[in-house]
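Good morning, and thank you for making time for this item. Please look at the sequence and the model as I go through the main points.

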Amino acid sequence: MSTPHERRFRRICVFCGSQAGHDARYAEAARRFGHVLAESGVALVYGGGSVGLMGVLADAALERRGDVIGVIPQALARKELLHVGVSDMRVVPDMHARKALMAELSDGFVALPGGFGTFEELFEVITWAQLGIHRKPVGLLNVAGSFNPLSNMIEHAVETGFLRPEHRRLISVSSSVEELLPTLALQEPPTLPKWMRPDET
């Protein structure tokens with residue numbers, strides 16, 4: 001039996017909160033994932049901020065001498081949220097340009113806990129994968145069950161006929177910082193079309 005092709009990542013884009021959250025495990029997971037990326041020789045691409053989980057993640061990668069690329073819109077840079085310790089900082093005109101550049105630079109995507117911005121960035125890259133715009137893997141670091149409600153919502157969409165069951169494979173979910181990258185490296189996104197036939201609903 002053939003084994004899935006294992007990818008090698010040069011850069012991983014990480015979406016995560018500009019808040020740290022109430023549970024200390026969120027920041028600890030962000031710190032450990034920043035270390036894992038640096039120690040694996042994988043560059044971090046992220047939103048360029050110095051606050052919340054974004055700041056923890058970038059600081060951790062820099063601590064271990066990892067490569068870090070920040071991408072931040074001009075409006076947020078002017079609010080002094082820009083991480084001054086990141087030497088490769090790309091300041092872009094707006095949020096749309098930010099997401100496009102982050103996607104272009106990266107070989108895969110990971111979401112850590114976050115709010116509306118994290119959800120929006122995550123769902124956009126999942127939708128692009130569903131539409132065949134890219135074939136890059138997408139993963140969730142499910143810290144303290146933070147993405148359990150999202151997984152339940154996806155299951156509900158499958159059960160009610162709004163998602164193909166196979167499209168669950170567009171997302172890899174792991175609660176282990178150390179196992180997430182190896183899991184992503186083996187992810188094989190389905191090639192089915194997004195649209196269902198009438199007899200599939």
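Predicted model: local features only at pLDDT ≥ 70, side-chain atom pairs only at ≥ 80, totals over all residues.

In which helix is methionine 153 found? Methionine 153 is found in helix 6, residues 148–159; helices here are DSSP runs of H or I with at least four residues, strands are runs of E with at least two, and both are numbered from the N terminus.

Residues are numbered from 1 along each chain as its sequence is written, and side-chain values use heavy atoms, with hydrogens and water left out.

Methionine 153 belongs to a nonpolar surface patch of about 460 Å², together with Phe116, Phe119 and Phe123. Helix 5, residues 116–130, gives the largest share of that patch, three residues. Patches are made of residues with over 30% relative accessible area and no salt bridge, and nonpolar side chains (Val, Leu, Ile, Met, Phe, Trp, Tyr) are joined within 5 Å, like charges within 9 Å. A salt bridge is a side-chain nitrogen of Lys or Arg within 4 Å of a carboxyl oxygen of Asp or Glu. The areas come from the Shrake-Rupley method with a 1.4 Å probe, and for residues only the protein chains shown count as cover.

I turn now to the interior. A nonpolar core is a set of buried Ala, Val, Leu, Ile, Met, Phe, Trp, Tyr and Cys residues joined through side-chain atoms within 4.5 Å. Buried means under 20% relative accessible area, exposed over 50%, and partly exposed in between, with a 1.4 Å probe and protein chains only. The largest core has 33 residues, and Val14 and Phe33 touch the most other members. At least two residues each come from strand 1 (11–15), helix 1 (24–39), strand 2 (43–46), helix 2 (52–63), strand 3 (68–73) and helix 7 (177–185). Helix 1 supplies the largest share, seven residues. Apart from this core lies another, of 23 residues, including Phe15, Leu101, Ala129 and Leu170.

What does phenylalanine 33 touch, beyond residues up to four places away in sequence? Its partners are Val14, Leu57, Val110, Leu112, Leu141, Val177, Leu180 and Leu181, where contact means heavy atoms within 4.5 Å.

Alanine 30 also lies in helix 1, and it is buried, at a relative accessible area of 0%. Leaving aside neighbours within four places in sequence, alanine 30 is in contact with Leu53, Val56, Leu57, Ala60 and Leu112.

In helix 7, the buried residues are Val177, Leu180, Leu181, Leu184 and Ala185. Seen down the helix axis, they fall within an arc of 130°, so they line one face of helix 7; the arc is that of the directions from the axis to the C-beta atoms. Their cover includes strand 1, helix 1, strand 5 (109–111), strand 6 (138–141) and strand 7 (172–174).

Finally, some loop residues. Serine 106, between helix 4 (95–105) and strand 5, counts as buried at 2% relative accessibility. Arginine 65, in the loop between helix 2 and strand 3, has a positive phi near 60° and is exposed at 79%. Alanine 144, in the loop between strand 6 and helix 6, has a positive phi of about 55° and is partly exposed at 39%.
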